[in-house]
Amino acid sequence: MTRLRFALLNAAHEGENTRRNFRREIDADLVEFDASDGDLPSHYDFDALVITGSRSSVYWDEAWIPDLIDYVAEATDRGVPALGVCYGHQVLAEALGGRVAGMDDFELGYAEVTHHGDEIFDGVDEAFTVFASHGDAVVELPPEAELLAENEYGVHAFRAGHNWGLQFHPEYDIETAREVADGKRERLGDARVDDVLASISAEKHDAACEAKQVFDNFVAHVRDLQAERTAAAADD
């Protein structure tokens with residue numbers, strides 16, 4: 001079976017953890033682009049896109065951000081499936097016509113999210129554990145998008161056709177969770193960060209690993225879509 005080829009649009013400014021995590025979790029050949037440095041593909045010849053997290057906000061005045069949003073908008077318009085994670089979820093929402101805004105609070109650490117059913121959550125309990133780190137949220141879904149998961153902080157997943165946005169981080173390992181939490185001291189203060197760090201345990205990480213199923217489900221969807229398109233082309 002031919003392996004799928006995905007464009008990994010890495011929006012992390014220091015992408016080592018991001019690269020390691022996505023390459024471990026996604027069963028496809030990942031062609032990486034340093035999106036936060038303005039590096040984007042010159043074509044759309046991929047089986048799917050994956051857009052990663054970032055410390056940036058989609059509404060910041062930085063030249064690479066609208067270029068990334070425009071690329072994702074054009075790719076999805078051409079029928080390339082996309083999976084956006086955290087910042088990538090927000091980029092995808094903006095690219096498809098939704099809106100992102102800053103939150104009054106900041107969600108950091110392990111939390112419970114509830115999903116409402118969809119193939120992306122096949123094999124995941126209705127209420128499940130995630131690691132989250134975000135101060136922005138999707139406040140208006142794209143037209144015709146479906147809300148798939150949420151908690152008290154707002155939208156945690158949506159679907160629009162063959163495209164999914166996930167606000168939480170199913171790809172995180174314990175090392176990444178600790179590093180990301182520790183990096184929030186200036187914004188959230190030592191006391192809150194220390195509480196989050198104390199909660200990062202093997203037990204919590206194991207619980208959050210259930211959500212990793214979304215990656216296999218996305219890959220399966222892309223493979224099925226590819227097969228359908230091949231069959232349809234053969235019938236023409």
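Colleague: Where is Leu148 found, and what makes Leu148 count as buried?

Modeller: Leu148 sits in strand S7 of this predicted model. Its relative accessibility is 0%. Buried means under 20%, so Leu148 counts as buried.

Colleague: Which residues is Leu148 in contact with, leaving aside neighbours within four places in sequence?

Modeller: The list includes Thr114, His115, His116, Gly117, Asp118, Ile120 and Phe121. Ala157, Phe158, Arg159 and Trp164 are also on the list. Arg159 is 11 residues from Leu148 in sequence and 6.8 Å away in space, C-alpha to C-alpha.

Colleague: Which residues touch the most other members of the largest nonpolar core?

Modeller: Phe6, Phe22, Ile26, Phe121, Phe128 and Phe218 do, in a core of 30 residues. Strands S1, S3, S4, S6, S7 and S9 each give two or more residues to this core, and so does helix H8. H8 gives the most, with 5 residues. Apart from this core lies another, of 29 residues, with Leu49, Ile51, Val58 and Leu68 among them.

Colleague: What is Phe121 in contact with, beyond four places in sequence?

Modeller: Among the contacts of Phe121 are His115, Phe128, Leu148, Ala149 and Ala157. Leu166, Phe168, Val214 and Asn217 belong to the list too.

Colleague: Why is S1 called largely enclosed?

Modeller: Because 5 of the 6 residues of S1 are buried.

Colleague: How many bridges join S1 to S2, and how many join S1 to S3?

Modeller: There are 6 between S1 and S2, and these strands run parallel. S1 and S3 also run parallel, with 4 bridges. Pairing needs at least two bridges. Arg5 stands opposite Asp29 in S2. Phe6 has Ala48 in S3 as its bridge partner.

Colleague: What makes Ala82 count as buried?

Modeller: Ala82 has 0% relative accessibility, so Ala82 counts as buried. Its place is in strand S4. Contacts of Ala82, beyond four places in sequence, include Leu49, Ile51, Trp164 and Phe218.

Colleague: Buried or partly exposed: what is Cys86, and what is Cys209?

Modeller: Cys86 is buried, at 4% relative accessibility. Cys209 has a relative accessible area of 26%, so Cys209 is partly exposed.

Colleague: How many aromatic pairs does a search of the whole structure find, and why is the pair of Phe33 and Phe46 given its class?

Modeller: The search finds 10. The ring centres of Phe33 and Phe46 are 6.0 Å apart and the planes are at 80°. Planes over 60 degrees apart count as edge-to-face, so this pair is edge-to-face. Phe33 is in strand S2 and Phe46 in the loop between S2 and S3, so the pair ties together parts 13 residues apart in sequence. Phe33 is buried at 13%, and Phe46 is buried at 7%.

Colleague: What are the distance and angle for Trp164 and Phe218?

Modeller: The values are 5.9 Å centre to centre and 85° between the planes, and the pair is edge-to-face. Trp164 lies in strand S9 and Phe218 in helix H8, so the pair ties together parts 54 residues apart in sequence. Trp164 is buried at 0%, and Phe218 is buried at 1%. Phe6, Trp164 and Phe218 form one aromatic cluster.

How values were computed
Residues are numbered from 1 along each chain as its sequence is written. This is a predicted model: local features need pLDDT of at least 70, side-chain atom pairs count only at pLDDT 80 or more; totals for chains, interfaces and linings use all residues. Side-chain values use heavy atoms; hydrogens and water are left out. A nonpolar core is a set of buried Ala, Val, Leu, Ile, Met, Phe, Trp, Tyr and Cys residues joined through side-chain atoms within 4.5 Å. Buried means under 20% relative accessible area, exposed over 50%, partly exposed in between (1.4 Å probe, protein chains only). Contact means heavy atoms within 4.5 Å. Rings of Phe, Tyr and Trp (its six-membered ring) pair if their centres lie within 6.5 Å; planes under 30 degrees apart count as stacked, over 60 as edge-to-face and the rest as tilted.
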